[in-house]
Amino acid sequence: MESEFAKAHAIIYAISNEGPDKQDQMRAKEKLGEPFVFLTDPEGKLAKSYAGTYTEGRMATILKPATIVVGRGGKIVYGVSIEDFRIRPPAQAVLDATRKSMDK
């Protein structure tokens with residue numbers, strides 16, 4: 001599937017509030033290579049602005065994971081945010097949105 005994103009000239013950014021060590025672990029575990037670029041947002045400003053937060057229990061505020069496709073001109077053409085980090089949109093749906101954004 002990575003090659004399909006590369007053919008669509010997509011750059012995939014994985015942005016986390018966790019440090020680079022955790023990101024390296026995730027890259028290795030998930031076997032993520034190109035075109036993934038890992039960035040750190042320690043205060044979660046980007047996640048809060050696009051996906052928001054939710055409260056788990058009485059104390060913990062957790063960033064919502066989100067999948068966003070930004071097309072030409074910086075316009076968001078696809079976005080999904082689900083509280084359960086284990087649930088992600090299908091890669092094909094993201095690829096389709098990416099291709100569609102390139103056609104415009």
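Biologist: How many helices and strands does the protein have?

Modeller: In this predicted model, the protein has 4 helices and 6 strands. Read from the N terminus, the elements follow the order α-β-α-β-α-β-β-β-β-α.

Biologist: What share of the residues counts as buried?

Modeller: The protein has 104 residues, and 25% of them count as buried.

Biologist: Turning to the surface, which residues form the nonpolar patch?

Modeller: The patch consists of Ile11, Tyr13, Ile15, Leu39, Leu46, Tyr50, Ile68, Val70 and Ile76. Together they have about 800 Å² of accessible area.

Biologist: Which elements each supply at least two residues of that patch?

Modeller: These are strand β1 (12-16), helix α3 (45-50) and strand β5 (66-70).

Biologist: Now to open space. How much of it lies in the largest pocket?

Modeller: The largest pocket holds about 2000 Å³ of space. Its lining comprises 50 residues, and those nearest the centre are Tyr13, Ala14, Ile15, Ala66 and Arg88.

Biologist: What classes of residue make up the lining of the largest pocket?

Modeller: There are 30 nonpolar, 8 polar and 12 charged residues in the lining of the largest pocket. Several elements each give at least two residues to this lining, including α1 (2-7), α2 (20-30) and α4 (91-103). Strands β1 and β5 are also among them.

Biologist: How many cavities of 30 Å³ or more are there?

Modeller: The count is 1 cavity. The largest cavity has a volume of about 40 Å³. Strands β5 and β6 (76-81) are the elements that give two or more residues to its lining.

Biologist: Which residues line the largest cavity?

Modeller: Pro65, Ala66, Thr67, Val80, Ser81, Ile82, Ile87, Arg88 and Pro89 line the largest cavity. By class, 6 of them are nonpolar, 2 polar and 1 charged. Ala66 and Arg88 in this lining are also listed among the residues nearest the centre of the largest pocket.

Biologist: One last topic, the backbone. What is the phi of His9?

Modeller: His9 has a positive phi of about 60°, although it is not a glycine. Most residues other than glycine have a negative phi.

Biologist: Where does His9 lie, and is it buried or exposed?

Modeller: His9 lies in the loop between α1 and β1. Its relative accessibility is 66%, which is over 50%, so His9 counts as exposed.

Note on methods: Residues are numbered from 1 along each chain as its sequence is written. This is a predicted model: local features need pLDDT of at least 70, side-chain atom pairs count only at pLDDT 80 or more; totals for chains, interfaces and linings use all residues. Side-chain values use heavy atoms; hydrogens and water are left out. Patches are made of residues with over 30% relative accessible area and no salt bridge: like charges are joined within 9 Å, nonpolar side chains (Val, Leu, Ile, Met, Phe, Trp, Tyr) within 5 Å. Accessible areas come from the Shrake-Rupley method with a 1.4 Å probe; for residues, only the protein chains shown count as cover. A salt bridge is a side-chain nitrogen of Lys or Arg within 4 Å of a carboxyl oxygen of Asp or Glu. On a 1 Å grid over the protein atoms alone, a cavity is a set of points where a 1.4 Å probe fits but cannot get out, and a pocket is an open set with protein on both sides within 12 Å along at least five of seven lines; lining residues have an atom within 4 Å of a point. Grid points are joined across faces, edges and corners, and a volume is the space filled by probe spheres set on the points. Ala, Val, Leu, Ile, Met, Phe, Trp, Tyr, Cys and Pro count as nonpolar, Asp, Glu, Lys and Arg as charged, and the others, Gly among them, as polar. Buried means under 20% relative accessible area, exposed over 50%, partly exposed in between (1.4 Å probe, protein chains only).
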